[in-house]
Amino acid sequence: MLQDCRGLALTTVSEQAAAAFDHAVDGYLGYRADMAARMEALLAADPDFGLAHCLKGYLALMGYRADTVPMARTALAAARHCAGTPREKAHAEALSHWADGDADGAVAVWDQILRDHPLDILAFRLAHFVNFWSGRVDAMLASVLAVEPHWSTALPGFGSILACRCFAHEEAGYYLEAESAGREAVRQDPGDLWAVHGVAHVLEMTGRRLEGIAWVEGLQSRWDGSNNLKHHLWWHQAMYHLELGDYPKVLSLYDSGFRDLASPLTGAMPDLYIDVQNAASMLFRLGRHGVEVGDRWTELADKAEARIGDCRSAFTLPHWMMALAATGRDAAADAMLAGIRDFAGGGGPLADLVGGIALPVTRAVLANGQGRHAEAVALMRPVLADMYRMGGSHAQQDVLEQVFLDSALKAGAESDVRLMMERVAGRHPVPPARRRGYAMGAHLLAA
Ligand SMILES: [Fe+2]
């Protein structure tokens, strides 16, 4: 049998297809923007290549949007028909779970694949990604610790293992281990965006803002041809500037970096979940500091209205609502809540997550935007400890904690201010008084 570049068997008779599969996986690992072309070449080389159909299905689900799920199911049918080895059949089952909104089910299959084939970097990287968007830091860490003894610098893709080692340790709070792994990955490949990103998180969480600005600025010349992750890196750069109080620079990065809609090649994608999270969370933060953001919410609100009823990305829902609340689109906001309730009634793990956590948080965001602050606090308080299950990093989840704090401060709910300050002080290495979004709370409690 033919093999991939790490020696795993592939059910294809085409050497060209095997090479194209490696090229496509490399593109996925490297956040390349030309994945459609890579996949087209791969399936043209062998239309009956089961693992290639799995990859096509996985890519369709990575955008976390409802209208690409049918494409994933079509790919799944082809994958099941063509898969040859037990590993390839297992990938098809993982794809089936993920398409059904059963993230834990998909990860369980990828974990089993990795026990048998620790060099299956596709299974590893997908488990890392889906665990992250499920808030499973423990599973991210366990996964990298399980496979890394089998890896070495001699194997293609080792840099991705290091990059994931970095991010998993960072989210778990092990900043020294994280930074070491991330910097080594970047030393090996300065264009490794996930490693750059992991170190950027270390610098964010440890309050090293000037180092963070230098880190991101110093590497961005390597990002030509990369996908939307570079927008998220510009968002991280803006987060450092926000903490320095340089709001004009934040807005400049918003317009010319992570929300540059005028430039289709380099700009943010109009409604991709991560781009929406970047934009909405930054505008919300700026609003808390009284920064005039002009009509920037309007285009986000337009996209939010177009996505009413799409609940594939639980963590994006409160971000959509921020845009509807900021623009006073009350009817659309009510329609979005109705869409979330409908989805939550559908049954299954994702519906349960959306109904149990995303719904009250999204309602709280709307209440915050409409000035019903005591209600926002009451909606959010019961789910504060579970919000992480919607996914997103600590740096991203932070904006939801700021929603709670903002409403608690405006409602004069001192015990709730204290509740949030104790949460963030206990977990974040930078004292709240040195964080712009929490300084007001720290000042209140110190008085
Ligand atoms: Fe990030």
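My entries below go from the whole chain to single residues.

**Ground rules.** I am looking at a predicted model, where local features need pLDDT of at least 70 and side-chain atom pairs count only at pLDDT 80 or more, while totals for chains, interfaces and linings use all residues. Residues are numbered from 1 along each chain as its sequence is written.

**Whole chain.** I looked up the secondary structure and got 23 helices and two strands. Helices here are DSSP runs of H or I with at least four residues, strands are runs of E with at least two, and both are numbered from the N terminus. Next I checked the box around the C-alpha atoms: roughly 70 × 45 × 40 Å along the principal axes. The radius of gyration is 22 Å, which agrees with the value near 22 Å for a compact globule of 447 residues. That rule is 2.2 Å times the number of residues to the power 0.38, and the radius is taken over C-alpha atoms.

**Burial.** How much of the chain is buried? I noted 52% of the 447 residues. Buried means that 20 or more other C-beta atoms lie within 10 Å of a residue's own, exposed means 12 or fewer, and partly exposed is in between, with C-beta atoms placed from the backbone.

**Domains.** The assignment gives domain 1 (1-141) and domain 2 (269-447); such bounds come from an automatic or database domain assignment. Their C-alpha centres lie 32 Å apart. I found 13 residues of domain 1 in contact with twelve of domain 2. Contact means that the two C-beta atoms, placed from the backbone, lie within 7 Å.

**Helix α8.** I went to residues 137-147 and found V137, A139, M140, L141, S143, V144 and V147 buried. These buried residues pack against α6 (103-116), α7 (121-132) and α9 (158-172).

**Helix α19.** This one covers residues 349-369 and reaches 29 Å from its first C-alpha to its last, close to the 30 Å expected. The expected span is 1.5 Å times one less than the number of residues. Where is the kink in α19? I found a kink of about 40° at A358, shortly before the proline P360. The bend is the angle between axes fitted to the seven residues ending there and the seven starting there. I also noted that 17 of the 21 residues of α19 are buried.

**Loop residues.** Is D120 buried or exposed? D120 counts as buried because it has 21 C-beta neighbours inside 10 Å. D120 is in the loop between α6 and α7 and touches residues including L8 and R87. D120 and R6 are 114 residues apart in sequence, yet 7.9 Å apart in space, C-alpha to C-alpha.

P190 sits in the loop between α10 (175-188) and α11 (193-205). P190 is partly exposed, with 13 other C-beta atoms within 10 Å.

Most residues other than glycine have a negative phi. I therefore marked Y31, with 20 C-beta neighbours inside 10 Å, as buried; its phi is positive, about 55°, although Y31 is not a glycine. Y64 also has a positive phi, near 45°, and lies in the loop between α3 (50-61) and α4 (69-82).

Technical notes: Lists of a residue's contacts leave out its neighbours within four places in sequence.
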